[in-house]
Amino acid sequence: MNGKVTDIKRIIWIAIAAAVAILIVSCKSNLGRAASLDLGKTPIQTVENMFAVQTKNGMVVMRIEASVMERYDTDSCSFESFPKGVAIYGYSDEGLLETIIVSDDGRHIAGKTRSNGKPVEEVYEAFGNVVIHNVLKQETMETDTIYWNQSASEIYTDCYVKMYSPDGFLQGYGMRSDDHARNAILLEPFNGYGYTVKDSTVVVVDSVNFIGPLLKK
């Protein structure tokens, strides 16, 4: 009887040892797989149908909408990626929607704090079919790539740009503007034209900021 009990105990210990060995091998395999991951290319957070609002002194200054947002973190910076497109809405000091930026792809980069305690500049990048529309001035710009340095309150690009306004059409390479696209300047303009005669009866309706009944078409 004692011999049978001893055999049973031996079998149990062999089974336990085998299970522990399998667990250790599995853990080592998973650790090796985790160690091989590139955190700069692997999102630490994914958000669908993102809607974010930034306020200052109780006023909305910006809102961001994206169907997908992926957050990444590296040693030098953290950033959010918008692989399926992004729309950024900027508001004036009076709380009116003033600027709209939409693109097929985009990133928001926020650098880590420097050793002297000062943060690295915060930049938004937009790529692919970028459209910048100043609602209040009824001006629109189209380009392929745009950078918005939020720390310096500047929008800029070195790419080809088309600009449409009630005064005419401009095109060229390179553009600089404040972050609300109020004073955009082309660095290398060419083949633009202006409107010399305007129809004074035309009424422009701002459907975003307009309050009241819309005019019938």
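This is a predicted model: local features need pLDDT of at least 70, side-chain atom pairs count only at pLDDT 80 or more; totals for chains, interfaces and linings use all residues.

Mentor: We begin with the side chain of Glu80, which makes a polar contact of 2.5 Å with the side chain of His108. A polar contact, also of 2.5 Å, joins the side chains of Glu80 and Arg71.

Trainee: In which strand does Glu80 lie?

Mentor: Glu80 belongs to strand β3, which covers residues 77-82.

Trainee: Is Glu80 buried or exposed?

Mentor: The general idea is to compare the relative accessible area with a cut-off: under 20% counts as buried. Glu80 has a relative accessible area of 12%, so this residue is buried. Leaving aside residues up to four places away in sequence, Glu80 touches Met69, Glu70, Arg71, Gly106, Arg107 and His108.

Trainee: How should I read the largest pocket, and which residues lie nearest its centre?

Mentor: Consider volume, lining and residue class in turn. The volume of the largest pocket is about 340 Å³. Its lining comprises 20 residues, with Val61, Met62, Tyr91, Asp179 and His180 nearest the centre. Strand β4 contributes the most to this lining, 4 residues. By class, the lining has 9 nonpolar, 8 polar and 3 charged residues.

Trainee: What is the volume of the second largest pocket, and how many residues line it?

Mentor: The second largest pocket has a volume of about 170 Å³. It is lined by 16 residues, and Glu139, Met163, Tyr164, Ser165 and Ala184 are nearest its centre. Strands β7, β8, β9 and β10 each give two or more residues to this lining.

Notes. Residues are numbered from 1 along each chain as its sequence is written. Side-chain values use heavy atoms; hydrogens and water are left out. Buried means under 20% relative accessible area, exposed over 50%, partly exposed in between (1.4 Å probe, protein chains only). A polar contact is a pair of N or O atoms within 3.5 Å; within protein, one must be able to donate a hydrogen and the other to accept it, and residues adjacent in sequence count only if both atoms are side-chain atoms. Contact means heavy atoms within 4.5 Å. On a 1 Å grid over the protein atoms alone, a cavity is a set of points where a 1.4 Å probe fits but cannot get out, and a pocket is an open set with protein on both sides within 12 Å along at least five of seven lines; lining residues have an atom within 4 Å of a point. Grid points are joined across faces, edges and corners, and a volume is the space filled by probe spheres set on the points. Ala, Val, Leu, Ile, Met, Phe, Trp, Tyr, Cys and Pro count as nonpolar, Asp, Glu, Lys and Arg as charged, and the others, Gly among them, as polar.
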